[in-house]
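The explanation goes from the strands to the helix and then to the residues packed between them.

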Amino acid sequence: MISNFKGNYKAILNSSRESRGVAIVYKNDLDVSISNTIRDQNENYLLAEMNICGERFWIGSIYGPRYNDDRGFLDNWKRDIDLIVFPNTIVRGDFNAQQ
């Protein structure tokens, strides 16, 4: 996690290369604790179990690759999203068109 991102934000990252990678960014003064994360090994998605102002959520960030760049993407996504059995789940991003 990066704290004090641009002075007003914190970020949870799943990125180690110059290409790809996703993040969940939130205001520095928001009451947040992170109890679990699920990170795609190809850095295409990030899921975080977060307690935000006393409410529990799973928040996700996704960037779907082109099919030929990661043919296992949808199988990996389904495997990991199936681990989450919780009604307060929000996933945003760019799924791109998968075949």
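The paragraphs below take up the sheet, the helix, the aromatic rings and the nonpolar cores in turn.

This is a predicted model, in which local features need pLDDT of at least 70 and side-chain atom pairs count only at pLDDT 80 or more, while totals for chains, interfaces and linings use all residues. Residues are numbered from 1 along each chain as its sequence is written, and side-chain values use heavy atoms, with hydrogens and water left out.

Helices (H or I, at least four residues) and strands (E, at least two) are taken as DSSP runs and numbered from the N terminus, and two strands are said to pair if DSSP finds at least two bridges between them. In these terms, four strands form an open sheet with mixed pairing, in the order 4-5-6-7. Strand 4 (32-39) and strand 7 (89-94) stand at the edges, and because each has a single partner strand, one side of each is left without a neighbour in the sheet. Neighbouring strands of this sheet are turned against each other by 20 degrees on average, with direction ignored; axes here are lines fitted to C-alpha atoms, for helices over the stretch in contact, and angles run from 0 to 180 degrees between N-to-C directions. Strand 4 and strand 5 pair in the antiparallel sense over seven bridges, and S33 stands opposite N51 in strand 5.

Helix 1 lies across strand 4, strand 5, strand 6 (55-63) and strand 7, and runs at about 20 degrees to strand 5. Which residues of helix 1 are buried? They are F73, N76, W77 and D80, where buried means under 20% relative accessible area, exposed over 50%, and partly exposed in between (1.4 Å probe, protein chains only). These residues cover an arc of only 100 degrees around the axis, which puts them on the same side of helix 1; the arc is that of the directions from the helix axis to the C-beta atoms. What covers the buried residues of helix 1 includes strand 4, strand 5, strand 6 and strand 7.

D80 is buried, with a relative accessible area of 6%, and, leaving aside its neighbours within four places in sequence, D80 is in contact (heavy atoms within 4.5 Å) with I38, Y45 and L47. N76 is buried as well, with a relative accessible area of 17%, and N76 touches D40 and Y45 when residues up to four places away in sequence are not counted. N76 and N42 are 34 residues apart in sequence, and their C-alpha atoms are 10.0 Å apart in space.

The aromatic rings come next. Rings of Phe, Tyr and Trp (its six-membered ring) pair if their centres lie within 6.5 Å, and planes under 30 degrees apart count as stacked, over 60 as edge-to-face and the rest as tilted. By this rule the count comes to two aromatic pairs. The rings of Y45 and F73 have their centres 6.2 Å apart and their planes at 65 degrees, so this pair is edge-to-face. Since Y45 lies in strand 5 (residues 45-52) and F73 in helix 1 (residues 73-81), the pair ties together parts that are 28 residues apart in sequence. Y45 is buried, with a relative accessible area of 0%, and F73 is buried, with a relative accessible area of 1%. The rings of Y45 and W77 have their centres 5.1 Å apart and their planes at 80 degrees, so this pair is also edge-to-face. It links distant parts of the chain, with Y45 in strand 5 and W77 in helix 1, 32 residues apart. W77 counts as buried at 12% relative accessibility, and ring pairs link Y45, F73 and W77 into a cluster.

The nonpolar cores complete the picture. A nonpolar core is a set of buried Ala, Val, Leu, Ile, Met, Phe, Trp, Tyr and Cys residues joined through side-chain atoms within 4.5 Å. The largest such core has 10 residues, namely I12, V22, I24, Y26, V32, L46, A48, M50, I52 and I59. Strand 3 (22-27) and strand 5 are the elements that give two or more residues to this core, and strand 5 gives the most, with four residues. Leaving aside its neighbours within four places in sequence, I59 is in contact with I24, L46, L47, A48, M50, I52 and I90. A second, separate core of eight residues includes I62, F73, W77 and I84. In soluble globular proteins, nonpolar side chains tend to be buried together.

F57 lies in strand 6, and, with neighbours within four places in sequence left aside, F57 is in contact with A48, E49, M50, I52, F86, N88 and I90.
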